[in-house]
Structure formats: structure tokens, C-alpha cells
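Reader: I am new to this structure. Could you show me how to read it, one feature at a time?

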Amino acid sequence: MDYRLKAADEAAFYQLYLYAFNKMDSPQRRTFFSQRYQHAWVYGLRDQQQLVSGLYSIPLQVNFHGTIYQMNGIGDVMSAPEFSGRGGAGTLLQAALTEMAAKGVTLSYLAPFSFRYYRRFGYEQVFDHTLYQLASSDLPRLNFEIHGKIVRLPLATAWPQLQNLYAAQPVNQRGGLLRPTWWWQYLVAKNSAWEVALRYDEQQQLTGYLIYQRTATTFAIQEWQFSDSATYQALALFISKHGTSYQQFSYAAPTPVQLDRLAEPYTLSATTIPYMMARIVNLADFLQRYPFVHAFTPITLTISDPILPANQATWQLQRQHGQTQVQKVATTGDLALSIQSLTKALFGYRQLTDLLRYGEISGDAQVAQQLDQALVQEAPSLIDYF
């Protein structure tokens with residue numbers, strides 16, 4: 001059955017979205033919603049010609065430690081309340097995953113309303129954020145010697161200058177989005193209150209930026225990108241100079257920040273927040289092009305993935321002389337694990353030896369240790385939201 005919606009279905013999908021998520025209609029919301037709809041594979045389920053369930057799957061790309069993978073972001077998973085609990089959303093998610101697999105998409109990300117629910121479809125938590133909150137009275141006193149200059153602009157004006165710097169930051173190459181032009185424009189449409197502080201060095205080169213939003217009480221940092229220590233210091237000083245205007249400062253960081261940079265770390269509230277989930281859709285492609293950091297002799301992994309049967313097999317992989325070899329074999333694997341556990345390990349979110357210790361996987365501890373040494377070592381990082 002074909003669940004894909006067409007351009008003519010946008011109005012019905014939008015009305016279901018407004019009701020299901022209790023959103024208010026506005027010209028701004030219609031603008032960014034339409035941008036998202038026009039670039040997505042959109043799915044819907046009808047009952048007597050009425051749209052009762054829906055979701056979108058946005059084709060994008062991610063940079064995973066220098067390897068570019070196709071990734072579809074899932075969002076607006078919804079059902080009308082009178083049809084909730086009937087499996088409509090699950091039917092559409094299965095259809096979306098099946099089409100991704102058929103079209104060679106390697107990965108999928110989503111923001112869960114329930115981690116338990118999406119684990120049923122092979123997704124697993126791999127992205128966290130750390131929310132930092134600091135009272136203005138506790139802002140550190142900074143005496144950096146600043147060179148270069150800071151320029152303030154609205155995001156709507158600044159974004160063309162940010163693209164290259166964003167893409168070049170190592171933190172955005174750990175599973176982060178390769179933002180196409182339309183996605184930057186979508187961010188502008190969705191977040192009209194976002195402002196940008198751009199830092200230029202003495203040669204007039206852009207070396208960093210801060211995206212932030214100001215409310216009556218809070219200075220909220222959305223993104224903080226910098227290429228060198230001078231830029232970090234300049235942007236930190238820019239933040240501190242707002243100390244008399246706001247009661248609180250916040251930053252939802254995609255990676256933990258070292259607390260020893262504060263004179264009094266107790267003054268800072270730091271909360272780790274589960275952020276988004278990932279799913280390996282095309283395991284063969286992910287393994288074949290995976291950026292292994294060390295060579296290793298043949299290892300076999302028995303993977304369970306009932307949602308996407310092409311992944312469910314025993315896989316033999318090895319990395320020798322800069323080449324990766326991956327194939328299915330008819331043997332019992334050295335390690336047995338679900339597609340979710342494999343996702344955590346391959347993304348660098350958890351080590352296989354750790355998963356083995358807690359009973360989440362089974363098999364040979366020496367093989368787990370050997371493969372751990374070959375996997376990426378840094379935790380994944382994602383700023384964007386679907």
C-alpha cells in the first residue's frame with residue numbers, strides 16, 4: 001500500500017499537525033512548516049478520506065568523522081486522538097524505513113516522544129545535550145585581552161556567512177548535519193528571534209560565532225562555534241558583558257563543557273538531557289564505509305533486526321591495509337547483539353565491552369575489546385532537531 005502524500009495534501013497534514021501537537025496557526029508557523037513539507041517524503045494514513053495519521057522523513061546528509069552518509073530525519077509522528085493507539089504511526093514508520101532501505105539511505109535520526117516506543121523500530125539513544133544554567137551574579141569576571149571585532153546580526157542576515165565555519169568544526173563532524181541552504185533558511189523561518197554575534201580576527205576573517213536568543217530574564221545560547229582560543233575568549237567576554245541585563249544564562253551544549261574553567265563550579269547547574277535517537281538503516285553500507293581508526297583481523301557479529309531483515313544476519317568484517325571487507329556468513333558470530341546495541345557502539349556512545357559487562361550483548365570479551373579499539377572514540381554530537 002502506498003502511504004506517500006502529495007503536495008496537494010499539505011493543508012490536511014498541517015491541520016492534523018496543529019491539532020495533534022496543540023500548536024497555534026500563524027504565518028511564521030505556516031512558512032517553516034511548508035519548507036519542511038516540501039523537502040520531505042511525507043506519509044499519511046486515511047480513514048474514510050480523512051487524514052488520521054502522518055509523519056515526514058527528510059532526506060539529508062551527515063558528516064560522520066569524515067564519511068558522508070545519507071540520513072533521513074523523522075518528525076511530526078502523529079495521529080488524531082480518536083485514532084491513537086491503533087498502530088497508524090507504527091505502520092507509517094515501517095513504510096518510511098522500508099522506503100529508506102530500498103533507496104539506499106544509510107541512517108535515520110529522530111526526536112522521540114518515547115524512547116521505549118522507538119526502540120521497537122530499531123532506534124536507539126545516541127545523542128545527549130548538557131544544559132548549563134548560571135545566574136548572572138555568578139558570571140565569571142573575565143579580563144581577556146581582545147583583538148579583532150564582534151559584529152551582531154539577526155540570523156536571517158548572518159546565516160550565509162556561517163555555513164563554511166559550521167561545517168568545518170570538528171564537533172559537527174561526529175554525526176552532525178551537513179546543513180543545505182534550505183535548512184539554514186528553515187532555521188531562520190522557525191527561529192525568528194535568534195541573533196548572531198560574529199567574531200572576526202584582525203585579518204577580517206570569520207573565526208567563530210554565537211547564536212543566541214534573548215528573553216526578559218534569560219540569555220539563551222543556541223550555538224557556540226569557535227576556531228581558536230582568541231575567538232573563544234572574545235565570545236565569552238561578549239556573553240559576560242550582558243551580565244547586568246539578564247537574570248540567567250543558559251546553554252544547551254551538544255557535548256560536555258569542562259567545569260574547571262569556572263572559578264566556582266558549584267555555581268553552575270549542569271544537567272545531562274537525552275536528546276535524539278539514531279538508527280542504522282543500511283548496515284552493509286555503514287560498515288563498508290565506516291571510519292575505523294585501527295586495523296583488525298576478521299570478526300563476526302550476529303545482528304538481530306526484525307524490522308529490516310536485510311540487516312539481520314551474521315556479518316564478517318575486517319580492516320587491513322586501509323581496506324574494509326564486509327560480508328554475510330553462515331556461522332555463529334563472535335558477538336551477538338541487536339541493531340540498537342550495535343548503533344550505540346558504532347556511534348561511539350557506548351563501548352562493546354561496557355555493553356557486554358551489563359548483559360546487553362553476549363559473546364567473546366576479547367573480540368569486543370579488539371573491535372572497541374577500532375571504533376571511533378568520541379561521543380556523537382548533534383545540534384539540529386527534527
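Predicted model: local features only at pLDDT ≥ 70, side-chain atom pairs only at ≥ 80, totals over all residues.

Author: Let us start with a pair of strands. Two strands pair if DSSP finds at least two bridges between them. Here strand 13 and strand 14 (residues 313–320) are antiparallel partners, with six bridges. Helices (H or I, at least four residues) and strands (E, at least two) are DSSP runs, numbered from the N terminus.

Reader: Which strand runs parallel to strand 13?

Author: Strand 16 (residues 335–338) does, and four bridges join it to strand 13 (residues 296–304). Ile303 faces Leu337 of strand 16. Ser304 faces Ser338, also in strand 16.

Reader: In what order do the strands of this sheet lie?

Author: The order is 15-14-13-16-17. The sheet is open, has five strands and shows mixed pairing. Strand 15 (323–329) and strand 17 (362–363) are its edges, each pairing on one side only.

Reader: Which helices pack on the sheet?

Author: For the angles, axes are lines fitted to C-alpha atoms, for helices over the stretch in contact; angles run from 0 to 180 degrees between N-to-C directions. Contact means heavy atoms within 4.5 Å. Helix 9 (residues 339–346) packs on the sheet and touches strand 13 and strand 16. Its direction makes about 100° with that of strand 16. Helix 11 (residues 365–374) also packs on the sheet, touching strand 13, strand 16 and strand 17. The direction of helix 11 makes about 105° with that of strand 13.

Reader: Why is helix 6 called largely enclosed?

Author: Seven of the ten residues of helix 6 (residues 181–190) are buried, so the rest of the structure largely encloses it. They are Trp182, Trp183, Trp184, Tyr186, Leu187, Val188 and Ala189. These buried residues pack against helix 2 (27–39), strand 2 (50–64), helix 5 (155–168), strand 7 (174–177) and strand 9 (206–214).

Reader: What does a buried residue in a strand touch?

Author: Take Met78, in strand 3 (residues 67–79). Met78 has 3% relative accessibility, so it counts as buried. Leaving out residues up to four places away in sequence, Met78 touches Phe13, Leu16, Tyr17, Ala20, Phe21, Val52, Ser53 and Gly54. Thr130 is another case, in strand 5 (residues 124–135). At 8% relative accessibility, Thr130 counts as buried. With the sequence neighbours up to four places away left out, Thr130 touches Tyr251, Ala252, Ala253, Pro256, Ala270, Thr271 and Thr272.

Reader: How many residues are in the largest nonpolar core?

Author: In soluble globular proteins, nonpolar side chains tend to be buried together. A nonpolar core is a set of buried Ala, Val, Leu, Ile, Met, Phe, Trp, Tyr and Cys residues joined through side-chain atoms within 4.5 Å. Here the largest has 85 residues, and Tyr109 and Leu352 have the most contacts inside it. Apart from that core lies another, of 24 residues, among them Tyr43, Leu45, Leu55 and Ala95.

Reader: How many helices and strands does the whole chain have?

Author: The protein chain has eleven helices and 17 strands. Of its 386 residues, 52% count as buried. The C-alpha trace spans about 65 × 55 × 40 Å along its principal axes. Among contacts with a separation of 6 or more, 71% join residues 24 or more positions apart.

Conventions: Residues numbered from 1 in each chain as written. Heavy atoms only, no water. Buried < 20%, exposed > 50% of the residue type's maximum accessible area, 1.4 Å probe, protein only.
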